[in-house]
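Try each task first, then follow the solution step by step.

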Amino acid sequence: MTTLAARAPAKVNVHLGVGPLRADGFHELHTVYLAVSLFDTVTVGPGEGLSLAVSGEGADVGRGPGQVPGDRTNLVWRAAELLARHAGVAADASLAVAKAIPVAAGLAGGSADAAATLVALDAFWGTRAGREDLLELAAQLGSDVPFGLVGGVALGTGRGEQVTPVLSGGSSHWVLGIAGEGLSTPAVYGELDRMRAAGRLPEVAGPAPAEAVLAALRGGSAADLGAALVNDLQAPACSLRSDLRRALQAAGEAGAVAALVSGSGPTVAALAADERSAVGMAAELAGAGVFRTVRAVAGPAPGARLVP
Ligand code: ATP
C-alpha cells in the first residue's frame with residue numbers, strides 16, 4: 001500500500017455554555033457539537049521522518065494569524081509524533097492535508113486534521129491503537145480533537161474534550177457564512193472574561209446546561225432547534241468584530257430559522273428550515289456582500305474515517 005487517506009468534519013457548537021475562568025487558565029464548558037458535511041482530508045504515505053504539505057482552502061502556509069503552519073507546530077505533525085511515541089514506532093511518513101475547512105473560523109479545522117491524521121496513521125503504521133487510546137491522544141492534542149474522531153452529535157464537558165455521543169432525531173441543514181479574516185480563539189475567551197468582569201455580561205457560577213438543545217435535537221424540529229441555540233462566545237466575538245452583527249442580521253433576512261456564531265467565530269451558522277431553503281439561503285447570502293464565501297452543509301456528519 002503506498003498511500004492512505006482519512007477525512008474528518010468541521011463542527012458547529014449548537015450549544016456553547018462557558019463557565020468562569022478557572023485558576024488553571026481554562027474555562028469549563030458544556031457544549032453540544034454537531035459535525036457538518038465539510039471535510040478536510042489527510043493523506044499519508046511513505047517517508048523518512050515526517051514531512052508536511054498543505055493545499056486547498058486557507059493553504060496560506062506561515063505563522064501569521066489565520067495561516068496554517070507548515071512545520072512541526074501543525075496539529076497534523078503533532079498528531080503523528082504523538083501516535084508514534086505512544087505506539088513505539090518510528091515517525092516515518094509523508095503527510096498531506098487538503099483543506100476545505102476555513103482556517104481560524106471557529107469550525108475546528110485544525111482539530112479535524114489532527115483526528116484524521118490519527119486515524120490514517122493508525123492504519124498506515126498498523127499501530128492498532130484502540131478507540132479509547134485514540135480518544136486519549138486526541139484530548140492531548142486539543143479540546144476539539146476527540147469530537148473530530150467521534151463526529152455525529154456529542155455532548156462535550158471539561159474543556160470540551162470529554163465527549164459523549166448523543167442521539168439526534170434527523171438531520172439539520174445549515175448555511176455557513178465565512179468571513180475574510182479569522183478570529184483567535186484565546187482572544188475571544190479573553191474578551192468574554194473582560195465583559196463579565198466589567199458587568200457588560202452577567203457573571204456565571206458554571207457553564208449553562210445543554211438540556212434544551214439536546215431535547216430539540218432529539219425531537220428533530222428545526223424551529224425547536226433554532227429556539228434552543230446558545231453560544232456564550234457570540235457576544236465577545238461580536239464585540240471584537242462588529243461586522244458579525246450585520247452578518248447575523250443578513251442570515252435572518254435571508255430566511256434563516258435562527259443564526260449563531262460558530263464556536264469562537266467568525267463563521268456564522270444559519271439554520272435553514274430544510275435542505276431546499278438552505279440552497280436558497282446560500283444563494284442569497286453569497287450575494288449579500290457580508291461573507292467571503294458561503295457553504296450549504298448538513299449535520300450530523302460522521303467523524304474521522306478512512307477514505308475508501
Ligand atoms: P480552535 O480549534 O482553536 O477553536 P478554529 O476552529 O477557529 O480554532 P483552526 O482552523 O483549527 O480554527 O485554526 C486555529 C489555528 O490553529 C490556526 O490559526 C493555525 O495557526 C493553527 N493550526 C495548527 N494546525 C492547523 C491545521 N492543520 N489547520 C489549520 N490550522 C492549524
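The chain is split into domain 1 (4–166) and domain 2 (172–299), with bounds that come from an automatic or database domain assignment. This is a predicted model, in which local features need pLDDT of at least 70 and side-chain atom pairs count only at pLDDT 80 or more, while totals for chains, interfaces and linings use all residues. Residues are numbered from 1 along each chain as its sequence is written.

**Exercise 1.** Describe how domain 1 and domain 2 meet.

Step 1. Start with the centres: taken over C-alpha atoms, those of domain 1 and domain 2 are 22 Å apart.

Step 2. Next, count the residues in the contact: domain 1 provides 32 residues and domain 2 provides 37 residues. Two residues are in contact if their C-beta atoms, placed from the backbone, lie within 7 Å.

Step 3. Now look at the side of domain 1 that touches domain 2: strand 1 (4–21), strand 2 and strand 5 (153–157) each supply at least two residues. Helices (H or I, at least four residues) and strands (E, at least two) are DSSP runs, numbered from the N terminus.

Step 4. Finish with the classes: this side of domain 1 has 22 nonpolar, 9 polar and 1 charged residues. Ala, Val, Leu, Ile, Met, Phe, Trp, Tyr, Cys and Pro count as nonpolar, Asp, Glu, Lys and Arg as charged, and the others, Gly among them, as polar.

**Exercise 2.** Work out where the largest nonpolar core lies relative to domain 1 and domain 2.

Step 1. Find the members that touch the most other members: among the 104 residues of this core, they are A115, L118, W174, V175 and A270. A nonpolar core is a set of buried Ala, Val, Leu, Ile, Met, Phe, Trp, Tyr and Cys residues joined through C-beta atoms within 7 Å.

Step 2. Strand 2 (residues 27–45) is the element that gives the most to this core, with 10 residues.

Step 3. Domain 1 and domain 2 both give residues to the core, so the core lies between them.

Step 4. Zoom in on W174: beyond four places in sequence, the residues it touches include V12, V36, A270 and V297.

**Exercise 3.** Is A108 buried or exposed? Is R22 buried or exposed?

Step 1. Apply the rule: a residue is buried if 20 or more other C-beta atoms lie within 10 Å of its own, exposed if 12 or fewer, and partly exposed in between, with C-beta atoms placed from the backbone.

Step 2. A108 is buried because 30 other C-beta atoms lie within 10 Å. R22 is exposed because 10 do.

Step 3. Beyond four places in sequence, A108 contacts A10, K11, D144, G148 and G263, while R22 contacts H27 and E28.

**Exercise 4.** Locate the shell around the ligand.

Step 1. The shell has 21 residues, the closest being L75, G109, G110, D113 and T185; a residue is near if its C-beta atom, placed from the backbone, lies within 6 Å.

Step 2. Helix 2 gives the largest share, 4 residues.
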